[in-house]
Amino acid sequence: MSKNKVQFQAGYSLVEFFESYGTEDQCVKALYKWRWPDGFRCPHCGGDRHCALKARRLYQCNRCRHQTSLVSGTLFEQTKLPLTKWFLAIHLVTQAKTGLSALALMRHIGVAYNTAWAVKQKIMQAMKERDDGKPLGGVVQLDDVYWGGERRGGKRGRGAANKAPFVAAISLNEEGHPVSMNMNVVEGFRQAEVARWAKQHLQSGCTVVSDGLACFAAVEAAGCRHVGIVTGGGPHSVAREEFAWVNTMIGNVKNAIKGAYHAVSHKHLPRYLAEFCYRHNRRFQLEDLLPRFVYVAARTPPRPGRLLKLAEAYG
Ligand SMILES: [Zn+2]
């Protein structure tokens with residue numbers, strides 16, 4: 001699909017969104033359907049016979065008497081927000097082409113800033129976990145990147161202080177077009193760390209093309225073939241065809257994060273990178289983004305739970 005086909009695909013308008021998910025009742029029915037597509041299942045014993053305690057929106061298992069709320073064990077667990085606000089937040093965050101700040105989200109869904117921030121972090125964390133479970137295959141372009149740390153007096157280049165190192169990886173199809181990508185913060189560019197990263201994020205048997213940074217040979221520990229191409233560095237190296245896509249996406253992610261968020265702390269960088277990749281990896285599926293996201297969110301409790309729960313409590 002060409003770039004124009006991505007930009008001009010139907011997508012999902014706000015009008016359509018409100019027709020489908022404008023009321024709490026519609027959101028409850030949708031979440032119920034995505035959580036229990038084959039009907040209610042007791043998370044405790046697996047029983048399907050139950051009664052609904054409508055006033056408290058609880059479902060009680062007839063066999064073991066365990067009571068389950070619609071949102072327990074989901075991304076929306078312990079939330080004080082109505083589902084309408086969650087669904088609108090998910091719609092806006094997944095459709096935003098260049099990222100949506102917590103401040104913008106606060107205004108759109110009408111909540112306190114800390115609440116908007118926590119909602120945004122939870123959505124991004126769910127995006128990250130989803131894509132972390134999908135290792136890349138085929139031919140993968142790989143590059144080492146540093147985020148931030150452009151302070152005066154600091155060291156320059158690879159390994160400079162105050163910078164967050166991350167691996168950018170993008171898989172290509174047989175025509176050399178990008179399929180999907182991931183960007184993960186790592187502890188540094190050392191053999192053991194690259195091997196750990198590769199085992200989690202690459203399919204064994206894939207071919208990795210890198211610019212020859214010695215540690216990238218460690219992807220072989222994950223059963224991948226490594227082709228190191230020595231570029232010699234400098235501005236000419238980024239123009240090389242072997243790295244055209246990964247370099248383009250590194251430029252795009254840096255511009256997108258700086259443009260939408262101005263400053264992102266190293267602690268939260270993994271989620272912002274994941275948000276960018278999640279949208280890119282689903283750029284042909286704009287119409288399905290909300291159902292796909294909530295289907296997974298219905299099976300994923302918020303993580304890291306303590307941190308994110310605490311943040312929302314301030315809202
Ligand atoms: Zn039960």
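Me: Before we start, what counts as buried here?
Reply: Buried means under 20% relative accessible area. Keep in mind that this is a predicted model.

Me: Okay. Is F87 buried or exposed, and why?
Reply: F87 has a relative accessible area of 0%. The cut-off is under 20%, so F87 is buried.

Me: And F76, buried or exposed?
Reply: F76 is buried, with a relative accessible area of 0%.

Me: How many aromatic pairs are there in the whole structure?
Reply: A search finds 16. One of them joins F40 and Y59. Their ring centres are 5.9 Å apart and the planes meet at 35 degrees, so the pair is tilted.

Me: Where do F40 and Y59 lie?
Reply: F40 is in the loop between α3 and β1, and Y59 is in strand β2. The two parts are 19 residues apart in sequence, and the pair ties them together. Both F40 and Y59 are buried.

Me: Back to F76 and F87. How are their rings placed?
Reply: The ring centres are 6.4 Å apart, with the planes at 35 degrees, so this pair is tilted. F76 sits in the loop between β3 and α4, while F87 is in helix α4. They are 11 residues apart, and the pair links distant parts of the chain.

Me: Which aromatic cluster holds F76 and F87?
Reply: One that also includes F17, F18, Y21, W34 and W86.

Me: New topic, charges. What lies over the face of W147?
Reply: K258 does, at 5.6 Å from the ring centre.

Me: And over the ring of Y278?
Reply: The charged end of R282, 3.7 Å from the centre of that ring.

Definitions and conventions:
Residues numbered from 1 in each chain as written. Predicted model: local features only at pLDDT ≥ 70, side-chain atom pairs only at ≥ 80, totals over all residues. Heavy atoms only, no water. Phe/Tyr/Trp six-rings, centres within 6.5 Å; stacked < 30°, edge-to-face > 60°. Helix = DSSP H or I, 4+ residues; strand = E, 2+ residues; numbered from the N terminus. Buried < 20%, exposed > 50% of the residue type's maximum accessible area, 1.4 Å probe, protein only. Lys NZ or Arg CZ within 6 Å of the ring centre and 35° of its normal.
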